Amino acid sequence: MTIMKVIAFLGSPRKDGNTELLLKEAVRGIESAGLSIKTFRLNLMNIKPCQNCGGCDETGECIIDDDMTGLYQEIRTADRIILASPIFFFSVSAQTKILIDRCQSFWCEKYLLKKPISGGEHGRKGLFLMAGGMKKDIGIRCSEATVTAFFRTISVPEHSTLGYLGVDAKGAILEHPTALKEAFEAGSSLVL
Ligand SMILES: Cc1cc2nc3c(=O)[nH]c(=O)nc-3n(C[C@H](O)[C@H](O)[C@H](O)COP(=O)(O)O)c2cc1C
């Protein structure tokens, strides 16, 4: 058996913020299972928003050359993918949404060219982590709809979601009674 490849996208711009703290626990869970994980900080990357130029329609390949070029390959070859985002205006952050929209080329590849990314011997699974400051669960529901579309488009047929509301100040998630433990467990069970 090959070693499972695990990658994570951090969509929060806030260093050591609640989303990052959740992701760190999930990463610890993965590492406790003996695996390593590569994390991409979307806020530090140069990724242009989708231009709806149609450049990927017939090939399934995006024609924009930026940091997304490397991420396409990472997404294509990963067995486990974590997406971690704060809730902004009842949805995922702009940094996260830019990544998602640029996966339109995978949408063309899967649905127009009928060539979904094939899962390897481990299958493909996802985990979605999110933190929101308000106590309105529409933020979780809207984000979940977007992220479900993302995972299915990149041929990840199943994912689990952990969303925490009412965590607003930087580090507030540390006071949550169960969040960090649950994120750790979600990380370790993702790679079981
Ligand atoms: C631009 C912006 C929009 C926000 N919109 C929402 C929202 O719609 N719902 C919500 O629950 N929290 C909202 N928040 C609060 C953040 O989700 C909250 O502060 C969260 O803990 C940030 O996570 P981070 O520390 O990982 O950046 C918003 C914050 C910002 C900066």
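Is Arg 141 buried or exposed? Arg 141 is exposed, with a relative accessible area of 52%. The legends below describe close-up views of a predicted model.

**View A. Arg 141 pairs with Asp 137.** The two side chains meet in a salt bridge, 3.4 Å from N to O. Asp 137 counts as partly exposed, at 41% relative accessibility. Arg 141 counts as exposed because its 52% is over the 50% cut-off.

**View B. The largest nonpolar core.** This core holds 27 residues. Leu 22, Leu 23, Ile 30, Ile 82, Leu 129 and Ile 173 touch the most other members. Elements giving two or more residues to the core are β1 (6-10), α1 (18-32), β3 (80-88), β5 (125-131), β6 (158-164) and α6 (179-190). Helix α1 supplies the largest share, six residues. In soluble globular proteins, nonpolar side chains tend to be buried together.

**View C. Around Ile 173.** Neighbours within four places in sequence are left aside here. Ile 173 is then in contact with Asn 18, Leu 21, Leu 22, Tyr 164, Val 167, Ala 179 and Leu 180. Another core lies apart from the largest one. That other core has 26 residues, among them Phe 9, Phe 40, Val 147 and Phe 150.

**View D. Ala 8 in strand β1.** Ala 8 lies in this strand. Ala 8 is buried, with a relative accessible area of 0%. Leaving aside neighbours within four places in sequence, Ala 8 is in contact with Leu 23, Ile 37, Lys 38, Thr 39, Phe 40 and Ile 82. Ile 100 is 92 residues from Ala 8 along the chain, and their C-alpha atoms are separated by 13 Å.

**View E. Glu 20 and Lys 24 on helix α1.** These residues form a salt bridge, with the closest N and O atoms 3.9 Å apart. They sit four residues apart in α1, so about one helical turn separates them. Glu 20 counts as buried, at 5% relative accessibility. Lys 24 is partly exposed, at 40%. Both belong to a network of salt bridges that also links Lys 15, Asp 16 and Arg 41.

**View F. Asp 66 and Arg 102 join two loops.** Their salt bridge brings the closest N and O atoms to 2.9 Å apart. Asp 66 lies in the loop between β2 (37-41) and α2 (68-77), and Arg 102 in the loop between α3 (94-101) and α4 (104-112), so the pair ties together parts 36 residues apart in sequence. Asp 66 counts as buried, at 11% relative accessibility. Arg 102 is also buried, at 2%. The structure holds 13 salt bridges.

Terms used. Residues numbered from 1 in each chain as written. Predicted model: local features only at pLDDT ≥ 70, side-chain atom pairs only at ≥ 80, totals over all residues. Heavy atoms only, no water. Core = buried A, V, L, I, M, F, W, Y, C linked by side-chain atoms within 4.5 Å. Buried < 20%, exposed > 50% of the residue type's maximum accessible area, 1.4 Å probe, protein only. Contact = heavy atoms within 4.5 Å. Salt bridge = Lys/Arg side-chain N within 4 Å of Asp/Glu carboxyl O.
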